[in-house]
Structures are given as structure tokens and as C-alpha cells.
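Please walk through this structure with me, one region at a time. The sequence and the coordinates come next.

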Amino acid sequence: IYMIDSDGKIVDVNQSACDMLNRSKAELIKLQIDDVDPNFSPEMFLAFWADARYEEQHIFETKHITAEGELIPVEVSGKKCCVSDQTYYFGIARDLRERKRTELEQRKLQEQLTQAQKLESIGRLAGGIAHDFNNMLSVILGHTELAIKDLSPDNKVHENLEEVKLAAKRSADLTSQLLGFARRQTVRPRLL
């Protein structure tokens, strides 16, 4: 909790403010608001002060600076008020470091989830394509086998069909690997 006069000077703070900024109360009440909040220049504070209405609550996020120079994110909730015929700005600053860390963690988890969903979609697509391709390879292999049976082994076309058959079988093995990826099967290496 901070109490700030119309010139932007800090006139009072509670122990939580001292703890958050790693400063003593004696140190803080010698400072101006811009010493604690570098985003709030004296000119900005005076303009803000002039526009603020009594008892109107303001909530905003900014950064406060600790004694060590660390900028920490805070949410300030404050209002202009009158105490013993003196006008002050009364502000409550809440440390947002943990919330910001949690938000960053959630963003990272969301990105990981999105990536996993993309991979799953790719796996399903690969599985569908591999399944259809496997069906076409079965037709190619079947017709190749039938054509080979009708030809004599010394026929030049017979040799070409054997090459087609070999290529189709290799393609079927690749398709099998794709289907394994799509189904998330463990890879089972084997000697060839």
C-alpha cells in the first residue's frame, strides 16, 4: 500500500510494499513515484492526478523497481482520496510475478498441445494416405503376378514385370512403416 501526495512524493507505505521492493519504510518515503515506477514520469503523474476524480478507482498494470534494480510486474488498484483535509493518491500494488510465470507456463503448455495435435493430424493423414496407397499397391502386385504367369521366363517383358513387382513390394514396405507411424506402433527392426 502506498500513499502519494499531489507532487508524486511517497508519504507512507506498509510493510508489504517494503518487502516487495526490498527497501525500508524510511527509504521509500524519501522517494518520488517515478523512483518506484519508472513508467510513471512526474509529468505523467501530474496529468493523471489532475484527471483523477475522488473515489474513482483506477486499475492498471505497470512495473515497480526493487532496491536491486529488478523490474517486477504489478497490478495497481488505487484512488484519489482525502485524509485530514489533505489529498492523496492511495494505491495498492499486487505482485504479479507468480501470475506472469503461470501465464507463460500455460502458453508453453498450450503451444505443446497444439504441436501434439498437429502431429496427431499428420499421423492420421499419413495413415489414410498409406492405407489407400497400400490398396493400390495390392492391385499393382496382383496384376503384375498375373501378367508374369502368362509370360515365359525368357521374355523381356517378364524381366520388366519382375522389376515392377520388386518396386511395388518395396513401396508396400514403406507404406507399412507409414501405417506403423500413424498407429504409433513401436518400430521393430529386422534383418533383411
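A residue is called buried when its relative accessible area is under 20%, exposed when it is over 50%, and partly exposed in between (1.4 Å probe, protein chains only). The structure is a predicted model, in which local features need pLDDT of at least 70 and side-chain atom pairs count only at pLDDT 80 or more, while totals for chains, interfaces and linings use all residues. Residues are numbered from 1 along each chain as its sequence is written, and side-chain values use heavy atoms, with hydrogens and water left out.

Start with the loop between β4 and β5, where Asp85 is found. Helices (H or I, at least four residues) and strands (E, at least two) are DSSP runs, numbered from the N terminus. Asp85 is exposed, with a relative accessible area of 73%, and its phi is near 65°, a positive value in a residue other than glycine. Ser84 also has its place in the loop between β4 (71-83) and β5 (86-95). Its relative accessibility of 71% makes Ser84 exposed, and its phi is positive, about 50°, although Ser84 is not a glycine.

Next comes Asp5, in the loop between β1 (2-4) and β2 (10-13). Asp5 is buried yet has no salt bridge, that is, a side-chain nitrogen of Lys or Arg within 4 Å of a carboxyl oxygen of Asp or Glu. The nearest side chain of opposite charge, Lys9, is 6.1 Å away from Asp5; in this count Lys and Arg are positive and Asp and Glu negative, with His and the chain ends not counted. A polar atom of the Asp5 side chain does lie 2.9 Å from the backbone nitrogen of Asp7. Contact means heavy atoms within 4.5 Å. Apart from neighbours within four places in sequence, Asp5 is in contact with Val11, Phe45, Trp49, Thr87 and Tyr88.

What about the cysteines? A disulfide is a pair of cysteine sulfur atoms within 2.5 Å, and by this rule the count comes to 0 disulfides. Cys18 is in no disulfide, and the nearest cysteine sulfur, that of Cys81, is 19 Å away. Cys18 is buried, at 4% relative accessibility. For Cys81 the closest cysteine sulfur is in Cys82, at 7.8 Å, which is too far for a bond. Cys81 is buried as well, with a relative accessible area of 13%.

Last is helix α5 (residues 97-150), which has 54 residues and reaches 79 Å from its first C-alpha to its last, close to the 80 Å expected. The expected span is 1.5 Å times one less than the number of residues. The buried residues of α5 include Gly123, Ala126, Gly127 and Ala130. An α-helix has 3.6 residues a turn, so residues three or four places apart point the same way.

Terms used
Polar contact = N/O pair within 3.5 Å; in protein donor to acceptor, adjacent residues only side chain to side chain.
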